[in-house]
Amino acid sequence: MGESFPMTGGDGPHSYTKNSSLQRAAAASAKSMLTSGILENLVVEHSSKMFAVADLGCSTGPNTFIAMDNIIEAVTQKCEIKGYCSLPEFQVYFNDHVSNDFNILFANLPPDRKYFAFGVPGSFHGGLFPKASLNIIYSAFALHWLSRAPQELGDVNSPACNKGRIYYSNAPHEVGQAYSLQFAKDMESFLAARAEELAPGGLMIILMPGRPDGTLPSQNSLGPFIKPLESCLTDMVDEEIIRNHEIDSFNMPLYSPSMEELRKLIEKNGCFGIARLETLPPMSVPLPSVEACRSGFESILRKHFRSEIIEQLFERYPAKIAGKPPIKASDGFTIGLFVILKRNI
């Protein structure tokens, strides 16, 4: 089983709850695609009394609540188009790692929600639900997190050794290839589990960072987001605050696949038809603020490095992003991928 790297919990200034507007904006840009995809592809039986939706990698909110409302709104619209007199009862399962802050998630559940809410702790790289128990599976900006960084990155005798770096952008080809292979292993496990859990005719909706076809991993990645943080860490190595082996053994477990890479893995699984595999509308995004950086990465940094260096690390961060313009795909940043898979009947 892989490692657990939850977003920062609570509702403080460094929490994911207060620093997830970028993900929210990207998901909002896909609302019309999500709605039309459900209307065109979902099979809803008139006799259905229950309708189950799962958000995999839900974190702490509020983005998951908005997404679940959008899905239920679209399913309701589908039922109305079909002329059904009554709606099924909706069940929503919120999933994330066991170390996720489910307390803050459930404390902020919308009081006017139209569904019964459940928490499902555990890694989505394995099984989570009974067979054929879900009608829609949703995952937004979570599947780019690997179960772990490729182990060979820390092996000085491997061509994929990533000494002095924490990511695969600007790294040798072998480093990017190691990330690609780890993503393939994780995605195979993910798809196999979801094929068991999704009811025949059910939909899986995925939003995730990716890259254009025909590009190498290092050409379009989350690297521009990671670079300021990496620069802070290497400065601290130079100043002997962090030891060389600490940074040499640390790599961010994040990967952005190409559309073709994703397509081949889905086809290899054989249990899903690809209803949509498209790019999200292009966005120009600012570099993460220190608060946003801490909300996403403090957990993994604190786990690997000594806790006493965390404040020093983030005190350096604002100077690294000061005056830097927003980034886009032409700067080597990722593109957004929108995927709808339909479980074969």
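Predicted model: local features only at pLDDT ≥ 70, side-chain atom pairs only at ≥ 80, totals over all residues.
This is a dialogue on how to read several features of the structure above.

Biologist: At what angle do the axes of helix H2 and helix H3 cross?

Modeller: Helices (H or I, at least four residues) and strands (E, at least two) are DSSP runs, numbered from the N terminus. Axes are lines fitted to C-alpha atoms, for helices over the stretch in contact, and angles run from 0 to 180 degrees between N-to-C directions. Here the axes of H2 (residues 31-41) and H3 (residues 63-82) cross at roughly 35 degrees and come within 9 Å. The crossing of H2 and H3 is right-handed; a crossing has that name if the near helix is turned clockwise from the far one by less than a right angle, and is left-handed if anticlockwise.

Biologist: Which residues of H2 and H3 make the contact?

Modeller: Contact means heavy atoms within 4.5 Å. From H2 come Lys31, Leu34, Thr35, Ile38 and Leu39, and from H3 come Asn70, Ile71, Glu73, Ala74, Val75, Gln77, Lys78 and Ile81. The residues of this contact divide into 7 nonpolar, 3 polar and 3 charged, where Ala, Val, Leu, Ile, Met, Phe, Trp, Tyr, Cys and Pro count as nonpolar, Asp, Glu, Lys and Arg as charged, and the others, Gly among them, as polar.

Biologist: Is threonine 35 buried or exposed?

Modeller: Buried means under 20% relative accessible area, exposed over 50%, and partly exposed in between (1.4 Å probe, protein chains only). Threonine 35, which lies in helix H2, has a relative accessible area of 16% and is therefore buried. Not counting residues up to four places away in sequence, threonine 35 touches Ala74 and Gln77.

Biologist: How many aromatic pairs does a search of the whole structure find?

Modeller: A pair of aromatic rings is described by the distance of the centres and the angle of the planes. Rings of Phe, Tyr and Trp (its six-membered ring) pair if their centres lie within 6.5 Å, and planes under 30 degrees apart count as stacked, over 60 as edge-to-face and the rest as tilted. A search of the whole structure finds 17 aromatic pairs. In one of them, the rings of phenylalanine 65 and phenylalanine 94 have centres 5.9 Å apart and planes at 80 degrees, so the pair is edge-to-face. Because phenylalanine 65 lies in helix H3 and phenylalanine 94 in strand E2 (residues 89-96), the pair ties together parts that are 29 residues apart in sequence. Phenylalanine 65 is buried at a relative accessible area of 5%, and phenylalanine 94 is buried at 0%. Ring pairs also link Phe65, Phe94, Phe102, Phe106 and Tyr115 into a cluster.

Biologist: Over which ring does the charged end of arginine 194 sit?

Modeller: A charge sits over a ring if NZ of Lys or CZ of Arg is within 6 Å of the ring centre and within 35 degrees of the ring normal. The charged end of arginine 194 sits over the ring of phenylalanine 190, 4.9 Å from its centre.

Biologist: Where is there a cis peptide bond, and which residue has a positive phi of about 55 degrees?

Modeller: Most residues other than glycine have a negative phi, and most peptide bonds are trans. A cis peptide bond joins glycine 61 and proline 62, with omega about 5 degrees, and proline 62 is found in the loop between strand E1 (50-56) and H3. Alanine 132, although not a glycine, has a positive phi of about 55 degrees; its place is in the loop between strand E3 (116-121) and strand E4 (134-140), and at 43% relative accessibility alanine 132 counts as partly exposed. Asparagine 170 has a positive phi of about 60 degrees, lies in the loop between E4 and helix H5 (173-197), and counts as exposed at 66% relative accessibility.

Biologist: What is proline 209 in contact with, leaving aside its neighbours within four places in sequence?

Modeller: Proline 209 lies in strand E5 (residues 198-210) and counts as buried at 7% relative accessibility. With those neighbours left aside, its contacts are Phe141, His144, Leu222, Ser256, Pro257, Thr334 and Ile335. The C-alpha atoms of proline 209 and proline 257 are separated by 7.6 Å, although the two residues are 48 residues apart along the chain.

Definitions and conventions
Residues numbered from 1 in each chain as written. Heavy atoms only, no water.
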